[in-house]
Amino acid sequence: MLLNSNGEMPIGMAMPSFALPDTVSEKMVASSEFAGEPLVVAFWCNHCPYVKHIRNEFVLFARECAKQGVRVVAISSNDEVKYPQDGPVAMAAEARSAGYEFPYLFDASQETAKAFGAACTPDLYLFDAAGKLFYHGQFDESRPSAAVAVTGSDLRGAVALLLANHSPPSRQRPSVGCSIKWRPGNAPSYA
C-alpha cells in the first residue's frame, strides 16, 4: 500500500531511544552510541520498490555522510512472519549484496517504528548532534514510475544545511513509499 510519511514527530523533537540488533554484525546498536553526532535514521526494508529505487544512491549518500561525520542507520520494522524477505537473514544478505556500510537493524517488536511515528519505507529522519530532529522527509522527487533521476537532493540539502549550522529546511516534503507491514493488531493509530 502506497503511503506518505506522517508528521508525528515535529522538528526539534528529541530522537527516541532504541537498542536493536544489527543483522550483519549481530551486535546490539543503541541510539546512545550516536550521542554528539548527527544521525540519519532510515526506516527501510528489502522488498519495497521505493527503497529498491533509491538504494544505490542512498548507499553513496551514506558513504558521503560518513566522510562528513554524519552517521547513518537503517531499520526494518516489517512483520517478518508475513514478509520473510524482510527478516534478519534476508536483511543481512541484502546489506552485503548492496554494500551497506551502515548498520541495518531489525525492529522485531515494531516499538521503535512506533516511537518515531514511522509510516512507510523509506521514511527518513535527520537528527542534529544534540539528537534533535532537523529533517523528516523524502530523499528526492524521484519515484519508481517517474523518469526523474535519483539524486537524494532533499536529504543531501538538509545535511548540508545542518553541517553549515543553518536552520532546518522550510520545505520538508514527506517520504512516499510502501506502508510498514505491521503485525496483526500492532498497527499504531496513525497507520
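User: Which residues in the largest nonpolar core touch the most other members?

Analyst: They are V40, W44, F58, F61, Y100, L126 and L155, in a core of 34 residues. A nonpolar core is a set of buried Ala, Val, Leu, Ile, Met, Phe, Trp, Tyr and Cys residues joined through side-chain atoms within 4.5 Å. Buried means under 20% relative accessible area, exposed over 50% and partly exposed in between, with a 1.4 Å probe and protein chains only. This is a predicted model, where local features need pLDDT of at least 70 and side-chain atom pairs count only at pLDDT 80 or more, while totals for chains, interfaces and linings use all residues. Residues are numbered from 1 along each chain as its sequence is written, and side-chain values use heavy atoms, with hydrogens and water left out.

User: Which helix gives the most to this core?

Analyst: Helix α1, residues 49-68, gives the most, with eight residues. Helices (H or I, at least four residues) and strands (E, at least two) are DSSP runs, numbered from the N terminus.

User: And what does F58 touch?

Analyst: Not counting residues up to four places away in sequence, F58 touches V40, A42, W44, V72, F102, L124, F139 and L155. Contact means heavy atoms within 4.5 Å. Another core, of 22 residues, lies apart from the largest one, and M15, V41, I75 and A119 are among its members.

User: Turning to the cysteines, how many disulfides are there?

Analyst: The structure holds zero disulfides, a disulfide being a pair of cysteine sulfur atoms within 2.5 Å.

User: Is C65 buried or exposed?

Analyst: C65 is buried, at 1% relative accessibility. C45 is also buried, with a relative accessible area of 1%.

User: Now the pockets: which residues line the largest one?

Analyst: The lining consists of V59, A62, R63, A66, V70, R71, V72, E101, F102 and P103. A pocket is an open set of points on a 1 Å grid over the protein atoms alone, where a 1.4 Å probe fits, with protein on both sides within 12 Å along at least five of seven lines; lining residues have an atom within 4 Å of a point.

User: Which element gives the most to that lining?

Analyst: That is α1, with four residues.
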